[in-house]
Amino acid sequence: MRNKNLLKLLIGLALVISLYFNPYKIIMVVGSSMYPTLKSHQLVLAKKVDKIERGDIVVAYNDARETIIKRVAYLPGERYQVVLEPGFSEPKMVQDLNSSELIFFLVDSRCMVVDCKIPKGHYFLLGDNKSNSDDSRRFGTVEKKDILYKVVYRWVCLNLIQLS
């Protein structure tokens with residue numbers, strides 16, 4: 001009897017340890033900031049990774065230590081431009097110096113273009129639904145230590161029933 005209890009304890013301990021150190025996690029998307037790529041209540045499989053590249057969808061902490069899912073737009077050391085307009089609370093992102101949008105804003109004397117550089121060990125995260133996303137445009141860059149997982153798989157045709 002004692003050996004059976006010890007065996008059960010060891011199996012339970014092994015399961016807890018494997019779950020704790022498992023690099024994969026299933027996460028439910030909440031909100032529409034990544035729409036149409038990810039929909040609210042969709043499940044994704046995420047993995048702890050060391051290498052993060054532009055375009056990766058990651059799970060991270062924002063400035064309020066809330067878990068968010070966003071796309072990596074800029075890597076450490078990269079530059080991006082922001083257009084600041086008087087009277088607007090949020091700057092407009094400009095990703096390409098050669099775009100006609102930037103030329104339009106440069107002609108307007110009321111606007112200012114600011115060149116920014118991503119600090120070492122930081123990432124700039126954006127939601128795919130830019131008009132409805134709280135992302136690095138508001139809270140700034142995210143440190144690598146605050147990036148928890150990289151999304152490696154998403155279930156496309158999953159409908160979850162909500163109980164009301």
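A residue is called buried when its relative accessible area is under 20%, exposed when that area is over 50%, and partly exposed in between, using a 1.4 Å probe and protein chains only. The structure is a predicted model, in which local features need pLDDT of at least 70 and side-chain atom pairs count only at pLDDT 80 or more, while totals for chains, interfaces and linings use all residues. Residues are numbered from 1 along each chain as its sequence is written, and side-chain values use heavy atoms, with hydrogens and water left out.

**Exercise 1. Classify D56 and its salt-bridge partner K150 as buried, partly exposed or exposed, and locate both residues.**

Step 1. D56 has a relative accessible area of 11%, so D56 is buried. K150 has a value of 22% and is therefore partly exposed.

Step 2. A salt bridge requires a side-chain nitrogen of Lys or Arg within 4 Å of a carboxyl oxygen of Asp or Glu. The side chains of K150 and D56 meet in such a bridge, at 3.6 Å from N to O.

Step 3. This pair links distant parts of the chain, since K150 lies in strand β10 (residues 147-154) and D56 in the loop between β2 (43-47) and β3 (57-61), 94 residues apart. Strands here are DSSP runs of E with at least two residues, helices are runs of H or I with at least four, and both are numbered from the N terminus.

**Exercise 2. Describe the aromatic pair of Y80 and F124.**

Step 1. Rings of Phe, Tyr and Trp (its six-membered ring) pair if their centres lie within 6.5 Å; planes under 30 degrees apart count as stacked, over 60 as edge-to-face and the rest as tilted. The whole structure contains three aromatic pairs.

Step 2. The ring centres of Y80 and F124 are 4.6 Å apart and the planes stand at 50°, so this pair is tilted.

Step 3. Y80 belongs to strand β5 (residues 79-84) and F124 to strand β8 (residues 122-126), and the two are 44 residues apart, so that the pair links distant parts of the chain. Both Y80 and F124 are buried, and together with Y74 they form one aromatic cluster.

**Exercise 3. Where is the confidence of the model lowest, and where is it highest?**

Step 1. The predictor's confidence in each residue is the pLDDT, from 0 to 100. The mean pLDDT of the protein is 81, and 76% of its residues reach 70 or more.

Step 2. Confidence is lowest in helix α2 (residues 100-107), with a mean of 46, and highest in β3, at 97.

Step 3. Over residues 96-105 the pLDDT stays under 50, and the model has 13 contacts (heavy atoms within 4.5 Å) for them beyond four places in sequence. Where pLDDT is low, the predicted coordinates should not be read in detail.
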